[in-house]
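Please open the model in a viewer with both sequence and cartoon displayed. The stops below are arranged so that each selection leads to the next.

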Amino acid sequence: MISIATKQTNPFGVIVSKEISDTVKSWKFIIMVALVLLTCMGSLYAALDDFSAAIKGGSADDDFFFLKLYTHSNGTLPSFLVFISFLGPLLGISMGFDSINTEQNKGTLSRLLAQPIYRDYILNAKFLAALTILSYLFIGLSLLVLGFGLIFIGIPPTTDELMRIIIFSIVNIIYVGFWLNLSILFSVKFRQAATSALAGISVWLFFTIFYSMIVNLIAKGLAPVRFISENQMVSFQRFVQNLMRFNPGQLFNDVTTTLLRPSVRSLGPLTTEQTIGAIPNPLPLGQSLMLVWPQVVALIGGTLLFFAIAYTMFMRREIRSR
Amino acid sequence: MKSLHSYCKILIVSILFFNVQQNIFANDGKTEIFTPYTKVSVSPGSTVNYSLDIINNNEQTINENINISNIPRSWNYTLTASGMNINKVAVLGSKKQTLKLKIDVPYRVKKGSYTFYAKLGSIASLPLTINVTTAGSNESELTCDQKNMEGTSKSNFSFNAVLKNKTATKQQYALMASPPRGWSVTIKPNHKQATSTEVDANGTKNINYTIKAPSNVKAGTYKIPVKAVSGSTSAEMELEVVITGTYEMSFSTPTGLLSAKITAGDDKKVELVVKNTGSTKLENIELSASKPKNWEVSFDNKKIESLEPGKTSTVYATIKADKKAIPGDYVTKITAKTSEANQNLSFRIMVKTPMLMGWLGILIILASIGGIAFLIKKFGRR
């Protein structure tokens, strides 16, 4: 009774649960679940096919062989990590591209706004509902891999590994949230759902394919002469890398690689003098997290920024019925 | 020729005359028992072998009982000839017969003179005296052709000695050594460690003494008396070991912990302990460090003037990590060095990144959340 009463008194919750139930019943959701299952199977196949070879190693990551389930690939299929970096933006865009403009085109938005609710409830609820569903999907995906991995390997992950997997899932959600917000922004901006979808996918394609090409072009143009000191080379490489980091995908890769490969100690290029006396040893979780903390902050910041822009746009928009 | 004949005659006559003379003076009964050593000194447990000659100076054959009288009851004796025990002996006229008398002197016997008689019926009697002395050292012998050895405190000194049993019986020797405190002596007769050994009568045995000095022994000459003692005899000798001085030290932390955590740019004080484990004084121990680039290692006392054997000295080292050190583990090697010995210490240091950046990131996130909250307040609630 109480729960119903609170639901009735909280219109925001009502909108969120309605959004979730609408999505879950839709074809879109079924396609997404199918994608997730395929990803799970594909990455498990890629990882477990020659897992014994992967853990033979002799590298500093040997203590963390459960994490190899997420990063290792036999070469025929991409690893889980690569799958996620493709799947994340795609699912994020697909959940958000039609959130506002479809409502508006169908004329349901003005009807909804006729209810005694704050206007921003609609946008917030759309975002929250989509993020909830995506969170379930991605946490589920991570757990599926974890569970199947347990069955096939038979050795449970250590606490440190488990913490890394959990934080990895949270970073996944943040990354997906970034693309979700971007596509919500487009759905506010563009009246046509198709335009909005195309805009989202274009941005994604630009960053995954063209951005690195452009950066490489710039780097080639600016490349110093061949005979330069080590320090100059390192600073040039840092510059190129910083350019690459305008790409959210690059930020995400930095974070996930560091989290799932504890032996990664530095993301930038290193001079040899920096490595003198260093032991190739895995970092503790806290230090791995500290290493990629700027990237995490940038992803969260970007997510919040796009949300803020979408929010302002939506709130200033004049909404009329058709 | 004539003269030769006359010489021969004189010789024969004189021999005959001499014989008659001796018979007259030696024994009234014309029969005697003879042995050359009638009084001997032996130690308890020994066996005395006599050879008794029974000489018949009569023309007729004699046939008499022979026995040993007045011998203490616990003593054993055997009287043999040609491997048989003899009770009665017959000797042709003008001939002699040899018997062997063997007397076992028991171990438990009082010191003193014991006289007993070898009697041939009532015709002849020979008093024999055995003087039992205390355990004589000349009955066993322990020798080593190289009694002196030189080495460091870590060396094993192996002496090959020979134990000789000069007594007439098999002897069971207890093997003993009395080394100085802390030393160890391993005694190996027949290549096996043992505390006692058996040596046959008149036999020898090789005995190996392996001597090990305590690790903290001071340089010098040490004497280790070793002994082989049996019930009746004993032998001893002194082995000499010369220890030359060693230069050694150990270098560690008081707890043995060789790792530390350090935030990039910060410093850490580490307590180090230098110990002289050698046997001579160490002088001018210098401390140095090989470290990653841009790190600093300083010591509160860069040079220890002198350190007596067994003594320790504490030094504090301050390790400062590079401000830009990437996180993870590093090795810093600290070396303690004199001209004679050196020892190094690999110190594992885990570098952590400073938390400042973390807080800055959290601040940025909080600011952007605050911005959205402001937006919601401004636009959403009117």
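Select helix 9 of chain A, residues 120–153. Its 34 residues reach 48 Å from the first C-alpha to the last, close to the 50 Å expected at 1.5 Å a residue; the expected span is 1.5 Å times one less than the number of residues. Helices (H or I, at least four residues) and strands (E, at least two) are DSSP runs, numbered from the N terminus. Just after helix 9 of chain A, A:G154 takes a positive phi of about 85°.

This is a predicted model, in which local features need pLDDT of at least 70 and side-chain atom pairs count only at pLDDT 80 or more, while totals for chains, interfaces and linings use all residues. Residues are numbered from 1 along each chain as its sequence is written, and chains are lettered from A and ligands numbered from 1 in the order in which they are written.

Next, colour chain A by pLDDT, the predictor's confidence in each residue, from 0 to 100. The average for chain A is 85, and 94% of the residues score at least 70. Over residues 1–5 of chain A pLDDT stays under 50, and the model has 0 contacts beyond four places in sequence for them; a contact requires C-beta atoms, placed from the backbone, within 7 Å. Where pLDDT is low, the predicted coordinates should not be read in detail.

Now select the spans that UniProt, in an unreviewed entry, gives as "transmembrane region" in chain A, among them 127–153 and 165–186. UniProt positions are given in the numbering used here, feature names are shortened, and annotations may be inferred rather than shown by experiment. Residues 127–153 of chain A are 100% helix and 0% strand, with end C-alpha atoms 38 Å apart. Residues 165–186 of chain A are also 100% helix and 0% strand, and their end C-alpha atoms lie 32 Å apart.

Which elements of chain B give two or more residues to the side that touches chain A? First display the interface itself, where 27 residues of chain B are in contact with 29 residues of chain A. The elements in question are strand 27 (328–337), strand 28 (342–352) and helix 2 (356–380) of chain B. Helix 2 of chain B supplies the largest share, 13 residues. This side of chain B divides into 13 nonpolar, 8 polar and 6 charged residues. Here Ala, Val, Leu, Ile, Met, Phe, Trp, Tyr, Cys and Pro count as nonpolar, Asp, Glu, Lys and Arg as charged, and the others, Gly among them, as polar.

Strands pair if DSSP finds at least two bridges between them. A:A278 stands opposite B:Y330.

In chain B, UniProt places a "transmembrane region" (unreviewed entry) at residues 356–376. That stretch of chain B is 100% helix and 0% strand, its end C-alpha atoms being 30 Å apart.

Move on to the open sheet of 4 antiparallel strands in chain B, ordered 11-13-17-15. Strand 11 (140–144) and strand 15 (184–189) of chain B are the edge strands, each pairing on one side only. Strand 11 of chain B is joined to strand 13 (residues 156–165) of chain B by 5 bridges, and B:T143 stands opposite B:V162.

Finally, select strand 22 (residues 267–276) of chain B, which pairs antiparallel with strand 20 (residues 249–252) of chain B over 4 bridges. Strand 22 of chain B also pairs antiparallel with strand 26 (residues 312–320) of chain B, over 9 bridges; B:E271 has B:Y316 as its bridge partner there.

Note on methods
Contact = placed C-beta atoms within 7 Å.
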